[in-house]
Structures are given as C-alpha cells and as structure tokens.
Amino acid sequence: MTTTVEETPQSIEIAARAVKPKKVKEPAYRRKGSSDFLKPTLGGLIVRYVLLAIMTVIVVGPLIFQLATSFKGPLDDIYNFPPSLIPTDPTFQNYVRVQDFIPIYLYAWHSLLVAVGTVITNAAFATFGGYALGCMEFKGKKIVWGILLSTMLLPGEVTITSQFLTIKAFGLADTLWGVFLPGAVGAMNVMLIATACRAIPQDMLAAATIDGATTWQRIQHMVWPNIKGMVSVVAIFSFIGAWDDFLWPLIVLSDPAKYTLTVGMAFLSGNFADPRLVAAGTMIALVPIVILFSVMQKHFFAGVEEGAVKG
Amino acid sequence: MKSHKWFTPWLLVAPGVIWVLVFGLWPFFNTVVLSFTNARPLQAGRFIGLENYARIGSDEQFGYALTTSLIYMVVCIPLLTILPLLVALLVEKTIPWITFFRTTFYFPVIASVVVVALIWSWLFDTKGLINGALEAMGVVDNPVPFLVDRWWLLITAILLTVWKGLGYYMVVYLAALGNSNKELHEAAALDGAGAFQRFLTVTLPAVRGAMVLIMALVAVSALRVFTELQVLSNGTGGPGGQSMSLVMLIKTVGSGLTGNVGYASALSVVLFLITALPLLAIAWMNREKEAKA
C-alpha cells in the first residue's frame with residue numbers, strides 16, 4: 001500500500017484516523033468473522049511462534065553453547081550433562097591463553113587485510129564493469145557476457161591445482177597477495193551489478209549525456225544512487241567469502257607465520273587443545289562477521305528482493 | 001547517438017574479463033593439459049597420454065572419494081530442497097519480530113565452515129554434548145564414534161552442511177514466495193481450501209522454479225564438499241582416508257612439494273565433468289528466465 005498526496009480513500013482514512021485520538025491497533029492475527037484470510041488465526045500465530053522458537057534454538061543453540069564455553073574457567077566442568085550455559089567460574093583468560101597455541105590475533109589481522117582488499121576491488125571493478133555491461137552499447141558485449149558467464153560452469157575447486165601454479169609463477173606463493181589476488185574481481189559480482197544497472201532508465205542517461213555529463217559523472221550522480229543497494233550486497237558477500245575461505249589459503253600458505261584465521265583455526269583443533277580455547281578461537285572468527293551482517297542485514301534482505309541471491 | 005569513446009566500455013570491463021581469463025579459463029585449460037602429463041610442482045612433466053585417466057579406474061582411494069561425494073549429493077538434495085521451504089513458509093508472513101528470526105536463521109550461512117566444523121567436533125566428540133545427551137536419555141550405552149567412523153563421519157558432516165545451508169536456501173525460497181500471487185491464496189481460502197491443500201495447489205507451483213534451481217545448486221555444492229570433512233576428520237579423511245571427498249583427494253594428491261600435479265589434474269577434470277551436469281541445468285534455467293524478463 002502506498003500513500004500519496006492525492007485524495008485516495010486511503011489517504012482520507014489516514015487523515016480521519018489522525019484526527020481521531022482513538023488509535024485502532026490492528027492485531028497480528030485474524031479475528032473470528034474477519035475476511036482477511038491471509039492472516040493467521042490466534043492459535044495459528046501461537047503455533048508459528050513456538051515453531052520459530054524451536055528453530056531459533058536449533059540454529060543459534062550451538063553458537064550460544066560455544067560462546068558460553070569460551071567464558072568458562074578451569075573450575076567449570078564443561079563435560080557434565082545437562083550442560084550449563086552460565087559459567088560458574090567466568091573468565092576472559094581463554095581469549096588470552098589461546099595465543100599460547102596460535103597467534104590468533106595476527107591471523108585475524110591477515111584475514112581482515114585480505115577481506116578488506118577483496119571488498120574494495122570487487123565493489124569498484126564490479127561497478128565499472130557492471131555499468132558498461134548494463135548501460136552501454138558496444139561491439140563484443142555478448143562475448144564479454146559469455147566470458148563472465150563461463151566461470152559459473154567452473155567450480156573453483158576444479159582449477160585449484162593449476163591455480164596454485166599460476167600464483168607460484170607470479171612469485172606470490174606463500175604470500176597474502178597470493179591469497180587475495182584470484183578473488184579480487186568476481187565475475188558473478190560484475191553480472192549482479194550489470195543486472196542492477198539495466199533497471200536504470202536509458203532515457204535518463206541519454207539526457208545526461210546530451211547535457212554534457214561525462215561517463216564518470218554519470219556513474220557518480222545517476223548510476224551510483226540506483227545500484228548502492230546491490231553494491232552493498234556485493235560488498236557483504238565479498239567480505240564474508242574472503243573471511244571464511246579455507247581451501248585456497250590452505251593451499252597457498254605454507255609458512256605458519258602467514259596463515260589466515262581459518263587456516264590457523266584448523267590447526268587449533270585436535271585432541272590436545274582445551275575446548276574452552278577452541279571455543280574462544282571460534283568466537284574471534286565468528287563475532288566480527290555476525291556484527292557486520294547484523295548491521296548490514298537491511299541492505300542484504302532488500303538486495304534479496306531485487307533478486308541478488310537467485311543465481 | 002554516441003555517448004562515449006569506443007574504448008571506454010572496454011576499459012571498464014577490462015578487470016573483470018582479465019580476471020576471468022587469468023584466474024578462471026587459463027587454469028582450467030592448464031588443468032586439462034596437465035592431466036595428460038606427469039608434471040610435479042618443480043618439474044614441467046612430459047606427455048604421457050591417458051595414463052593418469054587409466055590410473056583413476058584402478059585407484060581404490062578414488063572409489064572411496066567418489067562414493068563419499070555421491071552419497072553427500074544424494075542425501076543433501078532432498079534435505080536441502082524440502083527443509084528450507086518449510087522454514088521459508090514459517091518466516092514468510094510479516095508478523096512482529098519476523099526480521100529478527102530471518103536474520104538469526106541466516107547466521108549459520110555467514111559463519112565459516114571451519115568455525116562451524118570446530119563447534120561440531122566439540123558437540124559430537126565422544127565426551128561432547130550430543131553423546132552426553134544420548135547417554136543420559138539411555139539411547140546408547142557407549143559413545144557414538146561420530147568423528148572417527150567412516151559412515152558416522154559422513155552423517156555428521158552432512159548434518160553440518162544441512163544446518164549451515166538452511167538459511168541460504170530459505171532466502172532463495174523467500175524471494176520466490178514474494179513473487180507468488182497473494183490473491184490466488186485468498187481465492188483458494190475463500191473456496192474452502194485447507195492450509196495443506198493451498199500448499200499443494202498454490203504454494204508449490206509458485207516455488208517450482210526455485211526448487212529446481214536449488215536442487216541443482218545443492219548438487220553442485222555437495223560435489224564440491226571439502227572443509228566439513230577436512231576439519232571434522234582433522235585432515236585425515238577418516239579411517240584410511242575412506243571418508244575423503246573428491247576435492248579432498250585432489251588436494252591431498254596435488255599439493256605439497258611431492259604432489260602429483262598430473263594425476264590431480266586428471267581427477268579435477270573428472271570432478272568438472274561430474275559437476276557440469278547440474279551446472280548446465282542452472283545455465284539453461286537462467287537463459288529461460290532472461291528470455292522471460
């Protein structure tokens with residue numbers, strides 16, 4: 001339902017409501033005799049919330065349990081059943097002691113470097129390439145689109161062995177540059193931005209051209225406001241993808257001093273390590289992206305409605 | 001009218017095209033070439049014909065890996081096609097707090113597989129919470145070897161994949177449900193169709209496209225499984241490496257200074273051929289969608 005300045009029945013109704021001090025609050029469920037069939041009944045609503053609560057426990061239960069374990073001290077029995085979520089001997093020491101096994105904060109810094117670099121290059125080059133593919137006419141556009149699309153047929157795992165040979169030939173084996181480089185420009189991201197650019201009215205761009213706007217000015221003032229949402233989706237996915245990646249950095253990096261967080265974490269597992277320390281380590285890897293996603297989720301779910309996640 | 005110099009669009013798409021060529025198509029071409037050689041990381045190798053491919057047929061490890069990957073795919077497809085749809089229907093209506101639930105259900109998706117696998121290996125440890133619960137309820141007398149038995153390891157890893165994938169495919173379904181016709185739902189309800197009947201006659205046809213897409217996506221990502229099995233088995237691939245997936249086998253064979261790049265490349269080509277089928281289905285579907293738009 002949209003509200004406009006025009007005198008539609010809705011706007012009159014809204015105006016009438018604004019005058020009346022009594023506020024009619026619509027219940028979230030369907031009352032008896034109501035014809036609003038798309039609303040659940042009160043009973044249906046209760047069942048729905050119960051199911052939602054169960055799902056929440058299944059989904060966040062393991063994460064909360066791990067968070068609780070990471071704060072448990074040596075006097076807490078972490079093996080008893082039923083488990084307790086509240087530490088009886090609460091401590092932050094696990095976040096310090098985990099460094100006795102791996103330099104986890106250095107690894108987190110490495111991951112952050114790679115992830116931020118990946119976000120910057122992907123957002124920039126996907127915007128440029130997407131604009132050209134979505135809004136410009138040029139010879140060979142179909143070929144470019146085909147080249148980009150071909151990567152969808154190629155899972156990265158298939159080329160991983162020779163990808164490493166390429167990186168080694170560049171002299172980038174065992175460096176963070178080698179981890180970063182292949183993911184710097186994602187073909188998928190270029191195509192996502194191109195799809196968003198197509199939605200911009202061509203007449204508007206043509207008019208700007210007639211008024212003497214340069215390509216750069218058109219991108220800055222007309223394209224950017226329209227694709228901001230999709231670019232933030234690309235940015236979120238680029239960050240998460242780089243931060244979470246495991247197989248590629250595992251292959252590129254051999255010097256433990258250069259590991260990224262996921263590679264270092266995998267070495268934290270094993271039977272010798274205290275589960276409390278492993279828990280602290282997992283939280284160091286998990287909390288930053290959970291915060292990032294919670295802050296950006298509005299853009300993300302808006303992008304979903306634009307069809308960002310479909311392909 | 002000409003609004004730009006001829007090279008401007010090429011300049012703009014250059015990074016994307018160069019990256020695909022250098023880090024996508026070239027390594028693939030190189031993989032195919034290398035698969036006919038006996039290359040090692042430190043030597044170029046010479047042409048040995050189909051020797052690598054002949055070796056695959058008699059390789060016991062390849063048999064295990066193929067079995068693991070195929071079982072992974074066959075089990076994951078129905079679970080990750082049906083369960084996320086049910087979750088999507090649960091969060092579809094805009095009732096109070098629904099954004100909170102949608103965001104929460106997406107958390108496992110953004111978590112690294114390594115992180116989740118580490119949490120899992122603690123939960124499913126012989127002394128872990130799951131075994132504790134099973135013993136307390138009297139279901140088992142001795143701890144279940146979730147992480148050291150070939151088949152239990154596979155089941156545990158699949159559970160992880162399903163738990164982690166729920167939110168992702170839920171969002172795909174949500175997008176499809178958002179496009180479905182609300183009036184149709186109302187009309188069916190007015191005609192006295194029950195909730196289940198409406199699910200069959202209105203909801204299912206609306207999400208059929210998304211469903212096919214998800215099946216293909218799940219198939220491909222299941223064939224690409226690596227991190228779950230690698231971390232849960234502590235890099236061993238289970239007893240005797242029997243729970244290794246194809247990607248794990250490729251990584252084990254091809255990496256390191258003594259790695260057999262030629263054989264790993266041949267395995268990669270086989271993996272590519274297996275994943276190509278569901279991927280081609282996606283590409284075909286996308287073309288149909290684009291034609292409609």
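1. Is D174(A) buried or exposed? In this predicted model, D174(A) is buried, with a relative accessible area of 16%, which falls under the 20% limit for that class. D174(A) is found in the loop that links helix 6 (160-169) to helix 7 (176-180) of chain A. Although D174(A) is not a glycine, its phi is positive, at about 60 degrees.

2. A positive phi also occurs in chain B, at W97(B), a residue other than glycine whose phi is near 75 degrees. Most residues other than glycine have a negative phi. W97(B) belongs to the loop between helix 3 (60-92) and helix 4 of chain B. With a relative accessibility of 61%, W97(B) counts as exposed.

3. A further loop residue of chain A is D274(A), placed between helix 12 (261-268) and helix 13 (275-305). D274(A) is buried, at 19% relative accessible area. Its side chain reaches the backbone nitrogen of R276(A) at 2.9 Å. Leaving aside residues up to four places away in sequence, D274(A) touches I78(A) and R97(A).

4. In chain B, helix 4 (residues 98-110) and helix 7 (residues 150-178) have axes that come within 6 Å and cross at roughly 130 degrees. The two helices of chain B are therefore oblique to each other, and helix 4 passes helix 7 in a left-handed crossing.

5. The contact between these helices of chain B involves, among others, F105(B), Y106(B) and P108(B) from helix 4 and W163(B), G167(B) and L174(B) from helix 7. The residues of this contact divide into 9 nonpolar, 1 polar and 2 charged.

Notes:
Residues numbered from 1 in each chain as written. Chains lettered and ligands numbered in written order. Predicted model: local features only at pLDDT ≥ 70, side-chain atom pairs only at ≥ 80, totals over all residues. Heavy atoms only, no water. Axes fitted to C-alpha atoms, helices over the stretch in contact; angles between N-to-C directions. Helix = DSSP H or I, 4+ residues; strand = E, 2+ residues; numbered from the N terminus. Parallel < 35°, antiparallel > 145°, perpendicular 65-115°, else oblique. Left-handed = near helix turned anticlockwise from the far one by under 90°. Contact = heavy atoms within 4.5 Å. Nonpolar A, V, L, I, M, F, W, Y, C, P; charged D, E, K, R; others polar. Buried < 20%, exposed > 50% of the residue type's maximum accessible area, 1.4 Å probe, protein only. Polar contact = N/O pair within 3.5 Å; in protein donor to acceptor, adjacent residues only side chain to side chain.
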